[in-house]
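Take a look at the model below, then work through each task before you read its solution.

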Amino acid sequence: MNESIASEERAPGFLAPLQVPLFRRIWVASVLSNLGYMFLSVGTGWEMTSLTADAGMVALVLTAMMLPMTLLSIPAGAIADMYDRRRIGLCSLALSMASAAALTVFTSLGLASPWLLLGFCTLTGAGMTLFNPAWQASVSEQVPRRVLGQAVALNSISFNIARSFGPALGGLVVAVAGASASFAATVICYVPLFTVMLFWRRPRVPSRLPPERIDRAVSAGIRYVLHSPPIRIVLVRTFCFGFGGSCLSALMPLVTRDLLHGGAQVFGVMLGAYGLGAVVGAIGLNRLRQTCTAEQVIALSTITLAGSIVVVATSTSAVLTAASLLVAGAGWMVALALCNVHVQSSAPRWVSGRLLAAYQTSVAGGVALGSWGWGRVVEALSVEYGLLLAALYLAVSLLLGRLLPLPSISNASLDPVKLSEPEVNLDLTGRSGPIVVQIEYDVPAEQARDFYRVMQALRSVRQRNGAYDWSIARDIGDAELWIERFQCPTWHDYLRQRDRNTPHEVEIQRSSRCYLKAGSDVRVRRLLERPFGSVRWTDDAPEDPLYTNGLNVASREP
């Protein structure tokens with residue numbers, strides 16, 4: 001049996017994914033890589049303070065490390081879906097390791113400059129941004145589907161373990177051996193993950209079609225989100241939660257300075273408490289999912305976070321504030337990890353990297369906009385009022401549970417269903433198109449309303465899988481004749497659209513045929529809108545067998 005699909009007899013517990021050898025190796029290595037990233041952050045910040053007294057340049061260190069995530073997450077998700085995820089992981093880790101190694105050399109030789117630091121930070125951040133979607137999307141290939149939620153929670157813990165202890169360990173390394181040693185430690189911490197990915201024998205499923213262009217791949221991911229209501233709801237809820245919950249991370253330095261009247265040491269303790277709470281929350285997520293609905297878990301997390309923010313806003317005791325941050329970190333992690341599980345459990349394999357990138361973008365967007373917004377509120381009012389307003393916002397956001405309730409997590413298969421091949425009557429290349437598909441249905445008049453309702457569900461299926469200009473029309477001369485019509489830009493795009501259907505989506509297509517007149521069947525016509533593109537004007541024009549396929553004028557399978 002494949003090591004990534006090991007099975008278990010009893011009900012899975014929180015640590016069940018760690019019983020899968022492949023996941024266990026990758027998880028342990030990821031903890032070390034996250035620690036290395038924290039070492040890089042601490043070392044770069046300290047080195048920048050020694051190179052310049054400009055506070056703006058010091059602040060740009062965090063910007064340089066986060067900018068790639070903002071700009072490259074969606075393209076990185078598309079790349080994770082287009083190419084082998086193991087190779088993407090290796091290449092991205094190699095980029096991050098090379099950048100950290102170069103930074104080590106330049107710093108050791110005394111050749112580092114502020115802009116050089118920022119440049120290598122950006123390159124390292126770009127490598128990790130490319131790595132994350134491929135890594136997260138491959139989790140479903142490493143563990144059985146029934147323990148996917150626990151695996152996602154464990155991955156969240158790996159980052160928060162690093163966030164809890166990484167800054168302190170990085171500071172110790174810098175204090176003892178200097179910033180260059182912290183950069184070298186970053187390289188060393190990346191080596192185990194690179195080694196595990198190198199020796200992972202990932203099963204490859206060859207595709208009969210070449211990869212999409214990057215722009216079309218990104219567009220396909222965006223279209224899937226727009227035409228998939230469950231995914232769209234999860235992303236909106238994630239953004240709104242991130243907007244309110246970001247106040248603690250954004251205002252933590254001000255809480256330490258103005259409310260607790262503490263210094264850097266107190267600030268580090270507060271950050272550690274918040275990170276430790278996130279670890280506790282991730283551990284408790286599995287039990288909460290077993291006893292509560294998804295909406296109840298989100299509501300509990302929101303109430304917990306809002307209440308903790310109120311305590312932080314009114315407390316002048318470091319002990320009480322740290323305890324509140326511990327609870328707040330748990331609430332923050334439970335909500336975000338649950339939304340992550342929803343995305344991973346609802347994402348077909350062909351688009352999973354792009355959907356996880358969209359999730360990361362929604363979190364980053366909410367946090368970025370929220371941090372800016374709460375900072376402006378504090379400037380106008382005070383730290384206390386800023387935190388209290390954030391808590392009020394979170395309380396009001398509970399109404400979203402009524403307007404946009406989280407969908408239930410389905411255990412249905414998301415593997416594509418292989419449809420029958422169309423017959424070949426014309427020689428087409430992969431770029432031939434547009435391809436227009438016209439499907440005729442004979443539906444009794446008394447079934448018209450129910451049929452139309454099913455077709456609206458089918459509309460979302462067609463559009464999120466790659467169909468454009470979808471329409472449904474009724475013949476005014478024959479009230480029982482309905483015509484569904486859509487198009488794909490090219491022949492390859494049409495083949496991809498067919499290959500993306502999951503069993504549930506195929507069932508929706510079949511349900512539309514339950515309303516047909518007795519003894520009738522659908523009539524499908526596939527039309528080449530620009531037929532001159534299918535004609536070879538000279539007899540010696542070459543044919544590429546890789547791209548040659550056919551066009552069926554009339555068949556039974558859409």
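**Exercise 1. Work out where Asp450 and Arg453 sit, how they are joined, and how accessible Asp450 is.**

Step 1. Asp450 and Arg453 are both part of helix H16, and three residues, about one turn of the helix, lie between their positions in the count.
Step 2. Keep in mind that this is a predicted model.
Step 3. The side chains of the two residues form a salt bridge, with an N to O distance of 2.9 Å.
Step 4. A residue is buried under 20% relative accessible area and exposed over 50%. Asp450 has 33% relative accessibility, so it counts as partly exposed.

**Exercise 2. Find the partner of Arg464 in a salt bridge, and decide whether the two residues are buried or exposed.**

Step 1. The side chain of Arg464 meets that of Glu505 in a salt bridge of 3.0 Å, N to O.
Step 2. This pair links distant parts of the chain: Arg464 belongs to helix H16 and Glu505 to helix H18, 41 residues apart.
Step 3. Both Arg464 and Glu505 are buried.

**Exercise 3. Which residues of helix H18 are buried, and which exposed residues are on the face turned away from them?**

Step 1. Helix H18 covers residues 503-511, and its buried residues are Glu505, Val506, Ile508 and Gln509.
Step 2. These residues span an arc of only 155 degrees around the axis, and therefore lie on the same side of H18.
Step 3. On the face turned away from the buried side you will find the exposed residues His504 and Arg510.
Step 4. Now look for the cover: helix H8 (214-226) and helix H16 (448-464) are among what covers the buried residues of H18.

**Exercise 4. Describe the salt bridge between Arg237 and Glu295, and say how many salt bridges are counted.**

Step 1. The closest N and O atoms of Arg237 and Glu295 are 2.9 Å apart.
Step 2. Here, too, distant parts of the chain are linked: Arg237 is in helix H9 (residues 229-259) and Glu295 is in helix H11 (residues 294-314), 58 residues apart.
Step 3. Arg237 has a relative accessible area of 9%, so it is buried.
Step 4. The count comes to nine salt bridges. There is also a network of salt bridges, which links Arg216, Asp493 and Arg496.

**Exercise 5. Compare distance along the chain with distance in space for Trp491 and Ser432.**

Step 1. Trp491 lies in helix H17 (residues 491-499).
Step 2. With a relative accessible area of 0%, Trp491 is buried.
Step 3. Trp491 and Ser432 are 59 residues apart in sequence, while their C-alpha atoms are 5.5 Å apart in space.
Step 4. Now zoom out to the chain. Among contacts between residues at least 6 apart in sequence, 84% join residues at least 24 apart.

**Exercise 6. Sum up the chain: how many helices and strands does it have, and what share of its residues is buried?**

Step 1. The chain has 18 helices and four strands.
Step 2. Of its 558 residues, 52% are buried.
Step 3. The chain exposes about 25200 Å², and carbon and sulfur atoms supply 64% of that area.

Terms used. Residues numbered from 1 in each chain as written. Predicted model: local features only at pLDDT ≥ 70, side-chain atom pairs only at ≥ 80, totals over all residues. Heavy atoms only, no water. Buried < 20%, exposed > 50% of the residue type's maximum accessible area, 1.4 Å probe, protein only. Helix = DSSP H or I, 4+ residues; strand = E, 2+ residues; numbered from the N terminus. Arc of directions from axis to C-beta. Contact = heavy atoms within 4.5 Å. Areas by Shrake-Rupley, 256 points an atom, 1.4 Å probe, with all protein chains shown as cover. Salt bridge = Lys/Arg side-chain N within 4 Å of Asp/Glu carboxyl O.
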